[in-house]
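Subject: Structure for you to look at

Hello,

Here is the structure I said I would pass on. Please open it first, then read the notes below with it on screen.

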Amino acid sequence: METLDAIKSRIKVASYADRPIPEEVLEQILEAGRRSPSSRNQQRWTFILVQERDTLQRLSRVWRGAAHIADSAATVAVAAPPSDDPRTIASVHFDLGQAMMSMQLAATDLGVGTRHASVEDWQLGAQILGLPDEWRLSWMMGLGYPADRDVKPVQSHNRKPFNEVVHHERWGG
Ligand SMILES: Cc1cc2nc3c(=O)[nH]c(=O)nc-3n(C[C@H](O)[C@H](O)[C@H](O)COP(=O)(O)O)c2cc1C
């Protein structure tokens with residue numbers, strides 16, 4: 001799939017099909033995360049691929065918006081080192097966001113749907129995944145073939161109008 005088509009095809013999965021994702025497809029998605037750029041190339045991330053149903057169900061409890069993880073075919077749990085410094089926190093999360101986006105576009109290219117999940121109860125996440133103290137569960141990316149659609153460009157999506165968010169040369173231009 002062309003990159004621009006992948007960008008237009010990526011929307012959050014409404015419901016996951018009960019169909020496994022081949023290992024080589026999962027590997028390519030994870031490789032996209034690993035190859036992502038990061039501030040000073042620090043790569044402050046770890047990607048944990050979860051496919052066991054029991055673990056997916058337990059992970060779905062780390063945030064009230066994470067229920068969909070229980071039904072995903074697989075989920076990438078993204079962990080990073082915690083920090084008390086606001087600039088470091090912002091920098092880490094910017095990097096994680098880029099890695100998440102790389103994985104989403106790779107998944108879309110391979111016909112796999114994606115959906116983010118935030119994390120509130122990171123202590124529960126750490127316990128489920130056996131994370132060492134110096135790592136914290138930060139985000140999750142649910143993966144699965146969509147049950148209700150083929151992965152192809154959507155014509156219109158719920159976004160603010162182009163002219164409202166894009167300007168030329170100066171504010172309002
Ligand atoms: C930082 C971030 C956190 C998100 N957290 C959740 C979440 O916890 N649960 C969920 O179902 N979707 C989550 N989403 C998905 C967004 O709700 C979704 O991307 C947004 O509504 C736009 O829809 P789209 O992905 O179909 O374009 C998150 C997205 C982002 C970027």
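This is a predicted model. A place to start is Asp-85, which sits in the loop between β2 (74-80) and α4. Is Asp-85 buried or exposed? Asp-85 has 9 other C-beta atoms within 10 Å, and a residue with 12 or fewer counts as exposed, so Asp-85 is exposed. If you look from Asp-85 to Trp-171, the two are 86 residues apart along the chain, and their C-alpha atoms are separated by 31 Å.

Next, the helix that follows that loop. Helix α4 covers residues 86-109, and α2 packs with it at an angle of about 150 degrees. The axes of these two helices are 7 Å apart. Angles over 145 degrees count as roughly antiparallel, and therefore α2 is roughly antiparallel to α4. The crossing of α2 past α4 is right-handed. Which residues make the contact? From α2 they are Gln-28, Ile-29, Ala-32 and Gly-33, and from α4 they are Ala-99, Ser-102, Met-103, Ala-106 and Ala-107. Sorted by class, this contact between α2 and α4 holds six nonpolar and three polar residues, and no charged ones.

Two residues have backbone angles to look at. Arg-40 has a phi near 50 degrees, which is a positive value in a residue other than glycine. You will find Arg-40 in the loop between α2 (23-34) and β1 (46-50). Arg-40 has 8 other C-beta atoms within 10 Å and is exposed.

The other is Glu-169, where phi is near 70 degrees, again a positive value in a residue that is not glycine. Glu-169 belongs to the segment after α6 (162-165). How many C-beta neighbours does Glu-169 have inside 10 Å? The count is 6, so Glu-169 is classed as exposed.

Last, the ligand. The residues around it are Ile-11, Lys-12, Trp-63, Gly-65, Ala-66, His-68, Arg-115, His-116, Ala-117 and Ser-118. By class, this shell is made up of four nonpolar, four polar and two charged residues. As an exercise, select the residues around the ligand, Trp-63 and Arg-115 among them, and colour them by class.

Regards

Note on methods:
Residues numbered from 1 in each chain as written. Predicted model: local features only at pLDDT ≥ 70, side-chain atom pairs only at ≥ 80, totals over all residues. Near = placed C-beta within 6 Å. Nonpolar A, V, L, I, M, F, W, Y, C, P; charged D, E, K, R; others polar. Helix = DSSP H or I, 4+ residues; strand = E, 2+ residues; numbered from the N terminus. Buried ≥ 20, exposed ≤ 12 C-beta atoms within 10 Å, placed from the backbone. Axes fitted to C-alpha atoms, helices over the stretch in contact; angles between N-to-C directions. Parallel < 35°, antiparallel > 145°, perpendicular 65-115°, else oblique. Left-handed = near helix turned anticlockwise from the far one by under 90°. Contact = placed C-beta atoms within 7 Å.
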